[in-house]
Amino acid sequence: MGESISQYSFKRGFKPENERISNVIEEIFEARPIESDGKLSIQYGAIKEMKTWVQDKKLHVETKSDTSVKDEKLILDIIPVDMVSGAI
């Protein structure tokens, strides 16, 4: 429980490059992702782990929630959707 995988298409003109994706993650979450086996991963707030990778020309994002977090400030720390969708 607390796991989810989503897939996103890249906007026309954006190339599926790990370096660019890493820069976007760092800009949005203010954390440098760690790369392992072609996947980028971070921890942020109530997100226990978020992994991103490119497969079949789509961005895949897997998140695992930390359901033990009780601090509402961490749980409700939301990234504006327009900030994320405009970057990829």
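**Notebook: core, sheet and turns**

I looked up the largest nonpolar core: it has 12 residues, namely Phe10, Ile21, Val24, Ile25, Ile28, Phe29, Leu40, Ile42, Tyr44, Met50, Leu59 and Val61. I take a nonpolar core as a set of buried Ala, Val, Leu, Ile, Met, Phe, Trp, Tyr and Cys residues joined through side-chain atoms within 4.5 Å. Buried means under 20% relative accessible area, exposed means over 50%, and partly exposed lies in between (1.4 Å probe, protein chains only). H1, S3 and S5 are the elements that give two or more residues to this core. H1 gives the most, with five residues. In soluble globular proteins, nonpolar side chains tend to be buried together.

**Ground rules.** This is a predicted model, where local features need pLDDT of at least 70, side-chain atom pairs count only at pLDDT 80 or more, and totals for chains, interfaces and linings use all residues. Residues are numbered from 1 along each chain as its sequence is written, and side-chain values use heavy atoms, with hydrogens and water left out.

**Layout.** I find three helices and five strands in the protein chain. From the N terminus on, the order is β-α-β-β-β-β-α-α. Helices (H or I, at least four residues) and strands (E, at least two) are DSSP runs, numbered from the N terminus. Of the 88 residues of the protein chain, 28% count as buried.

**Sheet.** In what order do the strands of the open sheet stand? The order is S1-S5-S4-S3-S2, five strands with antiparallel pairing. Strands pair if DSSP finds at least two bridges between them. S1 (3-9) and S2 (34-36) are the edge strands, and each pairs on one side only. Neighbouring strands of this sheet are turned by 25 degrees against each other on average, direction ignored. Helix H1 (residues 18-29) packs on the sheet and touches S2, S3, S4 and S5. The direction of H1 makes about 5 degrees with that of S3. For these angles, axes are lines fitted to C-alpha atoms, for helices over the stretch in contact, and angles run from 0 to 180 degrees between N-to-C directions. Contact means heavy atoms within 4.5 Å.

**Strand pairs.** I went through the bridges next. S2 and S3 pair in the antiparallel sense over three bridges. In this pair, serine 36 stands opposite lysine 39 in S3. Four bridges join S3 (residues 39-44) to S4 (residues 47-55), and these two run antiparallel. Serine 41 has lysine 51 in S4 as its bridge partner. Eight bridges join S4 to S5 (residues 58-65), again antiparallel. Methionine 50 stands opposite threonine 63 in S5.

**Turns.** I checked the backbone angles in the loops. The hairpin of S3 and S4 has two residues between the strands, and glycine 45 takes a positive phi near 55 degrees there. S4 and S5 also form a hairpin with two residues between them. Aspartate 56 lies in the loop between S4 and S5. Its phi is positive, about 55 degrees, although aspartate 56 is not a glycine. Aspartate 56 is exposed, with a relative accessible area of 65%. Aspartate 37 lies in the loop between S2 and S3. Phi of aspartate 37 is positive too, near 55 degrees, in a residue other than glycine. Aspartate 37 is exposed, with a relative accessible area of 77%.

Isoleucine 25 touches Glu30, Ala31, Pro33, Leu40, Ile42, Met50 and Thr52, not counting residues up to four places away in sequence. Is threonine 52 buried or exposed? Threonine 52 counts as buried because its relative accessibility is 4%. Threonine 52 sits in strand S4. Leaving aside neighbours within four places in sequence, its contacts are Ile21, Ile25, Gly38, Lys39, Leu40, Leu59, His60 and Val61.

**Rings.** A search of the whole structure finds one aromatic pair. Phenylalanine 29 and tyrosine 44 form it, edge-to-face, at 4.9 Å centre to centre and 70 degrees between the planes. Phenylalanine 29 lies in helix H1 and tyrosine 44 in strand S3, so the pair ties together parts 15 residues apart in sequence. Rings of Phe, Tyr and Trp (its six-membered ring) pair if their centres lie within 6.5 Å; planes under 30 degrees apart count as stacked, over 60 as edge-to-face and the rest as tilted. Phenylalanine 29 is buried at 12% relative accessible area, and tyrosine 44 is buried at 18%. Lysine 39 lies over the face of tryptophan 53, at 4.1 Å from the ring centre. The rule here: NZ of Lys or CZ of Arg is within 6 Å of the ring centre and within 35 degrees of the ring normal.
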